[in-house]
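Work through the exercises below with the sequence and the coordinates open side by side. Try each task before reading its solution.

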Amino acid sequence: MSENQNRQYVVTRSPKSVGLGLILTLVLGPIGLFYATITGGVIMAVVDTIFAIAGFMTLGISLFITVPLVNLICMVWAYKAITKYNEDLFNGNLNV
């Protein structure tokens with residue numbers, strides 16, 4: 001057997017910070033959600049774009065409702081995604 005066949009590799013991944021995820025989504029909205037989940041960031045960026053277009057059509061009045069709503073949804077999504085990621089990481093269930 002050669003030396004290369006006996007090597008073992010250890011892949012390490014660090015846990016994500018829930019606090020950082022919440023701050024990023026609070027400040028950046030859907031863009032901050034990319035820290036927690038790429039899929040969630042893309043979905044909420046599309047939803048935010050649709051609401052922005054609707055906001056321009058209503059002269060910005062609807063933005064007073066939709067911007068806080070989108071940010072709240074992003075914060076909840078970030079919390080749940082990071083919590084699940086960390087649980088899977090500690091249980092060894094993450095696929096590389």
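**Exercise 1: a loop residue**

The place of Leu 59 is in the loop between α2 and α3, where helices (H or I, at least four residues) are DSSP runs, numbered from the N terminus. The model is a predicted one, in which local features need pLDDT of at least 70, side-chain atom pairs count only at pLDDT 80 or more, and totals for chains, interfaces and linings use all residues. Residues are numbered from 1 along each chain as its sequence is written, and side-chain values use heavy atoms, with hydrogens and water left out.

Solution. Next, take the relative accessible area, for which buried means under 20%, exposed over 50% and partly exposed in between, with a 1.4 Å probe and protein chains only.

**Exercise 2: how α2 meets α3**

Task: determine how the axes of α2 and α3 are arranged, and which residues make the contact.

Solution. Axes are lines fitted to C-alpha atoms, for helices over the stretch in contact, and angles run from 0 to 180 degrees between N-to-C directions. On this basis the axes of α2 and α3 come within 10 Å and cross at roughly 175 degrees. That makes α2 roughly antiparallel to α3, given that angles over 145 degrees count as roughly antiparallel. With contact taken as heavy atoms within 4.5 Å, α2 contributes Gly 40, Ile 43, Met 44, Asp 48, Phe 51, Ala 52 and Gly 55, while α3 contributes Leu 63, Thr 66, Val 70, Ile 73, Cys 74 and Trp 77. Sorted by class, this contact has nine nonpolar, three polar and one charged residues.

**Exercise 3: how α1 meets α3**

Task: describe the crossing of α1 and α3, and give the classes of the residues in contact.

Solution. The axes of helix α1 (residues 18-28) and helix α3 (residues 63-91) come within 9 Å, with a crossing of roughly 160 degrees. α1 is therefore roughly antiparallel to α3. From α1 the contact includes Val 18, Gly 21, Leu 22, Thr 25 and Leu 26, and from α3 it includes Asn 71, Cys 74, Met 75, Ala 78, Tyr 79, Ile 82 and Thr 83.

**Exercise 4: the salt bridge**

Task: state how many salt bridges are counted, and which residue Asp 88 pairs with.

Solution. A salt bridge is a side-chain nitrogen of Lys or Arg within 4 Å of a carboxyl oxygen of Asp or Glu, and by this rule the count comes to one. Asp 88 forms a salt bridge with Lys 84, the closest N and O atoms being 2.8 Å apart. Because Asp 88 and Lys 84 are four residues apart in helix α3, they are separated by about one helical turn. Asp 88 counts as buried, at 17% relative accessibility.

Key:
Helix = DSSP H or I, 4+ residues; strand = E, 2+ residues; numbered from the N terminus. Parallel < 35°, antiparallel > 145°, perpendicular 65-115°, else oblique. Nonpolar A, V, L, I, M, F, W, Y, C, P; charged D, E, K, R; others polar.
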